[in-house]
Amino acid sequence: MRTKKYTPYLYMLPGCAMVLLFVYIPVIANCVYSFFRLSSYSSGMKFVGFDNYVRFFTNETFWIMIRNNVLYCVISLIVQVGFGTVVALLLESKLAGRFQNVFRNIYYIPALISLTAVGLMFTFVYEPNLGLLNSALKALGLSNWTQSWLGDSKLAIFSIIAMSQWQFTGYITLLMVVAFQNISTDYIEAAEIDGAGPVRRAISVMIPLAKEQLLVCSIITIIGAFKLFTEVYSTTAGGPGNSSQVLGLFLYQNAFLHDDLGMAAVTGVFIFVITMILSIIQIKVTKSGEV
C-alpha cells in the first residue's frame, strides 16, 4: 500500500528534477550573479551590490528599449491575439466551408519558418533600392511612399514589428481554433435558437467560453515581446544608432560582445520580473480559473 501511495510521485520526480535543474536553479543563479561583476575570461567574482542595477536603469538606451518592447507587446496583442482570434472565428464559421483545413495550414505555415531566415528574407524585402516592398510601391505609382525601412530610425522598429506579426498571427489563430472546437455545440445551438447571429454568438458565447485559451495566448505574446531578440539581431542589430534596441539584444550584447556578465544578468532579471508581473496582473484582471 505504501508503494502504491508514493508511485505517482515517483513518476513526477524526473519532470520536477528537470524543471528544477533547467529553470529554477538558473533563475536563482542569474539573480545572484546580478550582484557581481564577472567576466567569462576570469573565474573571479567581485561583489558590487546594486551597482549593476544602477548602471542598467541609468543606461542611455534603457527607455529606448522599454519603448520598443512595449510597442512590440501592444501591437502584437492587437494584431496577433486580436486579429488571430477573428481569423479563428472565421475559420470555424460556415464561411470557410470545405476549405477549413486548407486555410488553417496556410495561416500556420509562416510560424514554421526559422526566425533567422525570416529576418534575412525581410532584409531583402525592405532593401531600399531593389527590395520587394519599394519595388511594389513604385510599380503601383506610389514612389513617394518608398522608404529606407530599416535605415530610418523612426521606421526601423515598426518594420521589425510588422515582420513578426506576419509570422506569428497564424500560430495564435491555430491555438484559438482548438479552443473554439472544444466548445460544446449545445451552447452555440441554444444561442441560435434564441436568435443570436454569428457576431453575437462569437462575442457572447464563443469568446467568453474560450477565455482561458485567450489568456494563454496573451501571456505567450507578452513573454515573447519582452524576449524579442532574433528579429532585431538578424535585421538591424539594434540600429540605426540604438533606435531599435530591445532588452533581449541588450542582454546578448553585454554577455557576448562586451563581456559584462553582471549587466547581462541584471537584464535577465528585469525581463523575468516584468513578464511575471504582467502575467499575474493579466490573470487577476481576467479572473482566470474562477468558476
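## The largest cavity

The largest cavity of this predicted model has a volume of about 40 Å³, and a search of the whole structure finds 1 cavity of 30 Å³ or more. On a 1 Å grid over the protein atoms alone, a cavity is a set of points where a 1.4 Å probe fits but cannot get out, and lining residues have an atom within 4 Å of a point. A volume is the space filled by probe spheres set on the points, which are joined across faces, edges and corners.

The lining consists of Leu91, Arg104, Tyr107, Tyr108, Gly170, Thr173, Leu174 and Val177. Helix H4 (100-108) and helix H7 (156-181) each give two or more residues to this lining, and H7 gives the most, with 4 residues. Helices are DSSP runs (H or I, at least four residues), numbered from the N terminus. By class, the lining has 5 nonpolar, 2 polar and 1 charged residues; Ala, Val, Leu, Ile, Met, Phe, Trp, Tyr, Cys and Pro count as nonpolar, Asp, Glu, Lys and Arg as charged, and the others, Gly among them, as polar.

## The largest pocket

The largest pocket holds about 510 Å³ of space; a pocket is an open set of points with protein on both sides within 12 Å along at least five of seven lines. Of its 17 lining residues, Leu89, Glu92, Ser93, Arg201 and Met206 are the closest to the centre.

Helix H3 (62-91), helix H8 (185-193) and helix H9 (198-209) each give two or more residues to the pocket lining. H9 gives the most, with 5 residues. The lining divides into 11 nonpolar, 2 polar and 4 charged residues.

## Basis of the values

Residues are numbered from 1 along each chain as its sequence is written, and side-chain values use heavy atoms, without hydrogens and water. In this predicted model, local features need pLDDT of at least 70 and side-chain atom pairs count only at pLDDT 80 or more, whereas totals for chains, interfaces and linings use all residues.
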